[in-house]
Amino acid sequence: MAKFNNIFIIVALILASGVMASLAQKKISPPKHVPGYPLHLLHCARRVEDECGKETFLGMFEKLPVSKKCCLRLIKKMGKTCHDDLDKAIVHLPDYSSRASKVIPKGNRIWHKCALVARHI
């Protein structure tokens with residue numbers, strides 16, 4: 001499990017640095033209310049376990065379901081701001097930017113579905 005955590009942290013750092021480079025190239029500024037944007041993204045990524053982060057990511061990009069357990073962790077541990085910021089950061093990466101128009105709405109649907117699950121528990 002420690003190996004997974006280390007890999008997840010490395011991926012989050014790579015995503016954060018890639019996002020910053022991509023944002024700089026596209027002249028898109030990170031949110032003004034978030035100083036230290038890469039560290040903010042890393043902090044957000046650490047709020048859920050590797051398993052649930054991977055499940056949510058695959059739910060957005062591969063049409064796989066997000067489990068009740070991961071929905072609860074997404075809602076209660078990550079929060080809406082972190083979820084939205086990570087979604088936006090990922091779709092600014094070159095490998096994913098072409099799918100942004102489909103992925104962002106899908107990320108929003110996952111969030112709303114998970115919020116409903118959390119309300120009923």
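Biologist: Before we start, what counts as a helix or a strand here?
Modeller: Helices are DSSP runs of H or I with at least four residues and strands are DSSP runs of E with at least two, numbered from the N terminus; on that basis this predicted model has six helices and zero strands.

Biologist: And in what order do the elements run from the N terminus on?
Modeller: The order is α-α-α-α-α-α.

Biologist: How much of the protein is buried?
Modeller: Of the 121 residues in the protein, 39% are buried. As for contacts, taking those between residues at least 6 apart in sequence, 72% join residues at least 24 apart.

Biologist: Let's turn to helix 6; what span should its 20 residues have, and what do the end C-alpha atoms say?
Modeller: At 1.5 Å a residue, helix 6 should span 28 Å, and its end C-alpha atoms lie 28 Å apart, which agrees with that expectation.

Biologist: Which of its residues are buried?
Modeller: In helix 6 the buried residues are Val-103, Lys-106, Gly-107, Ile-110, Trp-111, Cys-114, Ala-115, Val-117 and Ala-118.

Biologist: What covers them?
Modeller: The cover over the buried residues of helix 6 includes helix 3, helix 4 (68-78) and helix 5 (80-91).

Biologist: Take helix 3, then; how do the axes of helix 3 and helix 6 cross?
Modeller: The axes of helix 3 (residues 50-61) and helix 6 (residues 100-119) cross at roughly 130° and come within 8 Å of each other. Because angles over 145 degrees count as roughly antiparallel and 65 to 115 as roughly perpendicular, helix 3 is oblique to helix 6.

Biologist: Is that crossing left-handed or right-handed, and which residues meet?
Modeller: Helix 3 and helix 6 make a right-handed crossing, in which Thr-56, Gly-59, Met-60 and Phe-61 of helix 3 meet Val-103, Lys-106, Gly-107 and Ile-110 of helix 6. By class, the residues of this contact of helix 3 with helix 6 are four nonpolar, three polar and one charged.

Biologist: And helix 5, how does its axis cross that of helix 6?
Modeller: The axes of helix 5 and helix 6 come within 10 Å and cross at roughly 160°, and the two helices are therefore roughly antiparallel to each other. The crossing of helix 5 with helix 6 is right-handed.

Biologist: Which residues make that contact?
Modeller: Helix 5 contributes Lys-80, His-83, Asp-84, Asp-87, Lys-88 and Val-91, while helix 6 contributes Ala-100, Val-103, Ile-104, Gly-107, Asn-108 and Trp-111. The contact of helix 5 with helix 6 has five nonpolar, three polar and four charged residues.

Terms used: Residues are numbered from 1 along each chain as its sequence is written. This is a predicted model: local features need pLDDT of at least 70, side-chain atom pairs count only at pLDDT 80 or more; totals for chains, interfaces and linings use all residues. Side-chain values use heavy atoms; hydrogens and water are left out. Axes are lines fitted to C-alpha atoms, for helices over the stretch in contact, and angles run from 0 to 180 degrees between N-to-C directions. Angles under 35 degrees count as roughly parallel, over 145 as roughly antiparallel, 65 to 115 as roughly perpendicular and the rest as oblique. A crossing is left-handed if the near helix is turned anticlockwise from the far one by less than a right angle, and right-handed if clockwise. Contact means heavy atoms within 4.5 Å. Ala, Val, Leu, Ile, Met, Phe, Trp, Tyr, Cys and Pro count as nonpolar, Asp, Glu, Lys and Arg as charged, and the others, Gly among them, as polar. The expected span of a helix is 1.5 Å times one less than its number of residues. Buried means under 20% relative accessible area, exposed over 50%, partly exposed in between (1.4 Å probe, protein chains only).
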